[in-house]
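Hi everyone, thanks for coming. Let's bring the model up on the screen and walk through one part of it together.

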Amino acid sequence: MNVTHLECGACGLRHEAQRLQNLCTQCGKPLLVRYDLENAARSLTKDALKGRRADLWRYREVLPVSDDRNIVSLGEGFTPLLHASRLGSQIGLHGLYIKDEGQNPTQSFKARGMTAAVSMAKELSVTKLAVPSAGNAAGALAAYAACAGMEAHIFMPRDTPRANVIECEQTGAHVTLMDGLITDCGAEVGRRKAAEGWFDVSTLKEPYRIEGKKTMGYELAEQFNWQLPDVIIYPTGGGTGLIGMWKAFAEMEEMGWIGRKRPRMVTVQAAGCAPIVRAFEEGKRFADEFQNAHTTASGLRVPKAIGDFLIIDALRESGGTAVAVTDEELIDATKEIGSAEGIFCAPEGAACLPALKKLMAGGSVKSNETVVLFNTGSGVKYLESFSS
Ligand SMILES: Cc1ncc(COP(=O)(O)O)c(C=O)c1O
Ligand SMILES: [Zn+2]
């Protein structure tokens, strides 16, 4: 167990690790898990990884569970990094890769966060979990809670894709559909959690989902043989994955695995809900709530992200940027990626392609660079979004 403490991402206040925590008790911002990385690096070596399990728990020393018996796993992570050579030659970019997160349990990268959060909940004796969700986090929580024998209480907007609602019901969760957005669902969890005895596992409102998601950064480094790509394009809602990967790069540097070079981090949002893009363009560190949010890419329908400053800091420090694409562009891109590469992307993942094209057209991504698009989920969950 290498966890030393939890640290507020905004004010730096230390919090105790081995007890239930949500946000910083001083400033209300997200908490990040800190490790004794010198100790972790003694057994977690590049060589040691070769014989380890083919899921994200291969990075055991930098994950926050002390007793192995508390790990709740469905085989998440270590997803393929596919060289998109046909699509790459169509758009003039030989070094184009897709990290296919649709191959996770419950068909999205949300499984990574939930394996960590539910495992820690088990370690800290929680029995009831609650989450507001745009859909995929709900499906993942329902599955991991079932696997752990816990209750899952899930709040989703009424227009969440049907597959997400059905998968939650079929894995035994308590599902409430609400008129409104994910922020309204979050407020409902906030109102009821104390009386109901629920642990709130909302994005970034507990410290562990980010730890599961950061393994995408470890995997990229390992799969590229410890050379990070030039650019990472990531569909951003709450931003857990982007913040997590940025954290992973810092940890790997501290362990001596990589140097100082970082990929340029690019946030993609839907034009109908682009609070981070707007704040980035206006030179702000905190994003205003986006009014009248709408997009068929339900995971991007997040009008206000509590970790906005952590996302924007990573974009700026990395020399990256934030790009908005229309729903028409992202739906068209699903077919373009699908027919060139055989990957049926979630609309959120597909949104990376039009964003990349804009960056190439503007000259900020060059044809000799290595670029990774994150397909964060499977298109199979979004049948309503596609007309045949
Ligand atoms: C498929 C998909 N992609 C991207 C996102 C946004 O993820 P994050 O909250 O890590 O920014 C979500 C969130 O629901 C999602 O379901
Ligand atoms: Zn704080």
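**A strand and its neighbours**

Let's begin with a pairing: Ile232 has Met265 in strand β11 as its bridge partner. Keep in mind as we go that this is a predicted model.

How does the chain get from β10 to β11? It passes through helix α10, residues 240–254, and this β-α-β crossover is right-handed. The two strands, β10 and β11 (residues 264–270), run parallel and are joined by 5 bridges.

Now for another partner of β10. Strand β13, residues 371–375, also runs parallel to β10, with 3 bridges joining them. Here Ile233 is the residue that stands opposite Leu373.

So is β10 mostly covered or open? Mostly covered: 5 of its 5 residues, 231–235, are buried. In a regular strand, side chains alternate between the two faces of the sheet. On one side of β10 we find Val231, Ile233 and Pro235, on the other Ile232 and Tyr234, and all are buried.

Let's move to the packing. Nonpolar side chains tend to be buried together in soluble globular proteins. The largest nonpolar core in this model has 63 residues, and those touching the most other members are Met245, Phe249, Met252 and Trp257. Helix α10 gives this core its largest share, 7 residues.

Please zoom in on Met252. Leaving aside residues up to four places away in sequence, Met252 touches Gly217, Tyr218, Ala221, Trp226, Trp257 and Ile258. There is also a second, separate core of 32 residues, with Leu96, Val325, Leu330 and Leu353 among them.

Technical notes
Residues are numbered from 1 along each chain as its sequence is written. Chains are lettered from A and ligands numbered from 1 in the order in which they are written. This is a predicted model: local features need pLDDT of at least 70, side-chain atom pairs count only at pLDDT 80 or more; totals for chains, interfaces and linings use all residues. Side-chain values use heavy atoms; hydrogens and water are left out. Buried means under 20% relative accessible area, exposed over 50%, partly exposed in between (1.4 Å probe, protein chains only). Helices (H or I, at least four residues) and strands (E, at least two) are DSSP runs, numbered from the N terminus. Two strands pair if DSSP finds at least two bridges between them. A crossover is right-handed if, with the strands pointing away from the viewer, the path from the first strand over the helix to the second runs clockwise. A nonpolar core is a set of buried Ala, Val, Leu, Ile, Met, Phe, Trp, Tyr and Cys residues joined through side-chain atoms within 4.5 Å. Contact means heavy atoms within 4.5 Å.
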